Amino acid sequence: MKLFIVKTSTAEHLVKKLKKQKQLVEVIFPEKNKEDSRLFPDGEVYIRISQAEKLKKGRVVVLHSGSPRPNEGLVELEMVLQILKDDKVAPEVFFTYFPYGQQDKIFMEGEINMAESLIRKLVNYYGVRKIYVIDPHFGKEKWLKEYPVTALSAVPLLVKKARGDLGNNILFLSPDKGGKRRTGICGVKKERIDSFRVEMSSQEINIKNETVAVVDDIIETGGTLLRFNDYIKKCGAKKIIVLATHGVLKSGVEKTKKTFSGLYLTNTINQKEANIDISDLILKNILKK
Ligand code: R5P
């Protein structure tokens, strides 16, 4: 059965390599600025899948990144899924980065677990058969077990590349308990004061002469990594690098690059500083039997 990858506009940067795998996959829609995909002058999204008929005969994976433009991206994704639903195609969705993934719990009455409700809607309303997500913030949440979600990780790729470049004398640390839970890499208690400020606990880490690699899922403002940098410097760290899967905000990524001795960042989101390509991770997983 032919495998079609339907890419949305935020996944454009990922398809170059996938397109070369012509014998395995066919990447379609939309070519930007052509008649299949555009924005109206007021910002509304226009989408058309001109080859929708063809998709009925194959397996369809929709490739989407939740950043940049998370809200506009969701509208685009829903329009793609609605077109497929109307054509009776039950697709799979591959999120290289899941939008609203950090809103994965309800803390106060009146809130919504946006990550779960989005997944529920994709499965129950759009008939999505399978969802792949790279390093989702909700990777270890209990509710996830109710849905056909495969949580993948780019951390082994990042670790392999850092070890290849710098050797094995690297101490891998996660900047918070959540990171520890997600990656299994030792972490420190972090307290978030607000969306922009975080504090580390006073727990001491024994750092010898090795390079310290801070592993995190997301760089947004860069606040977490910068605070962690101050903290481990006080514990004696000299050379500190960062390994991160998703570079959400350009400003945070640039700040991180400037502060640390090295940055390994994947291209789950299209950022100039991304230097680890995840195309093979995508291919390997969608082609897995
Ligand atoms: C938090 O739970 C995440 O793992 C990241 O540490 C956090 O989202 C990074 O955000 P920022 O760069 O704004 O500190």
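**Group meeting: a serine, a ligand and some salt bridges**

Okay, let's start with S117, which counts as buried at 18% relative accessibility. On the cut-offs, buried means under 20% relative accessible area, exposed means over 50%, and partly exposed is what lies in between, with a 1.4 Å probe and protein chains only. S117 sits in helix 4. Helices here are DSSP runs of H or I with at least four residues, strands are runs of E with at least two, and both are numbered from the N terminus.

Before I go on, the ground rules. This is a predicted model, so to speak of a local feature we need pLDDT of at least 70, and side-chain atom pairs count only at pLDDT 80 or more, while totals for chains, interfaces and linings use all residues. Residues are numbered from 1 along each chain as its sequence is written, and side-chain values use heavy atoms, with hydrogens and water left out.

Back to the serine. What does the side chain of S117 reach at 3.4 Å? The backbone oxygen of M114. I'd file that under polar contacts: a pair of N or O atoms within 3.5 Å, where, within protein, one must be able to donate a hydrogen and the other to accept it, and residues adjacent in sequence count only if both atoms are side-chain atoms. Another polar contact, at 3.2 Å, joins the side chains of E141 and K105. E141 lies in the loop between strand 7 and strand 8 (149-152), and at 15% relative accessible area E141 is buried.

Now the overall picture. The protein has nine helices and 14 strands. Its C-alpha trace spans about 60 × 45 × 40 Å along the principal axes. For 289 residues, a compact globule would have a radius of gyration near 19 Å, and the protein's 20 Å agrees with that; the radius is taken over C-alpha atoms, and the globule rule is 2.2 Å times the number of residues to the power 0.38. Buried residues make up 51% of the 289.

Helix 9, residues 279-286, is mostly covered, with six of its eight residues buried. Those are S279, L281, I282, L283, N285 and I286.

On to the ligand. How many residues surround the ligand? There are 15, the closest being D216, D217, T221, G222 and T224. A residue gets onto that list if one of its heavy atoms lies within 4 Å of the molecule. Strand 10 (190-192), strand 12 (211-219) and helix 7 (223-234) each supply at least two residues of the shell, and strand 12 gives the most, with four. By class, the shell has two nonpolar, six polar and seven charged residues. For the record, Ala, Val, Leu, Ile, Met, Phe, Trp, Tyr, Cys and Pro are nonpolar, Asp, Glu, Lys and Arg are charged, and the others, Gly among them, are polar.

As for distances, a ligand oxygen is 2.6 Å from a side-chain N or O atom of D217, and a ligand oxygen is also 2.6 Å from a side-chain N or O atom of T224. The protein covers 92% of the 370 Å² of accessible area that the ligand has on its own, with areas from the Shrake-Rupley method and a 1.4 Å probe; for residues, only the protein chains shown count as cover.

Last topic, salt bridges. A search of the whole structure finds 16, each being a side-chain nitrogen of Lys or Arg within 4 Å of a carboxyl oxygen of Asp or Glu. Take R129 and E92, which meet at 3.0 Å, N to O. R129 lies in the loop between helix 4 (114-124) and strand 7 (130-134) and E92 in strand 6 (92-97), so the pair ties together parts that are 37 residues apart in sequence. R129 is partly exposed at 46%, while E92 is buried at 3%.

Then there's D230 with R227, closest N and O atoms 3.4 Å apart. These two are three residues apart in helix 7, so about one helical turn separates them. Both are partly exposed, D230 at 37% and R227 at 30%. E273 and K272 meet at 4.0 Å, N to O; E273 is buried at 15%, and K272 is exposed at 73%. Finally, K17, D277 and D280 are linked in a network of salt bridges.
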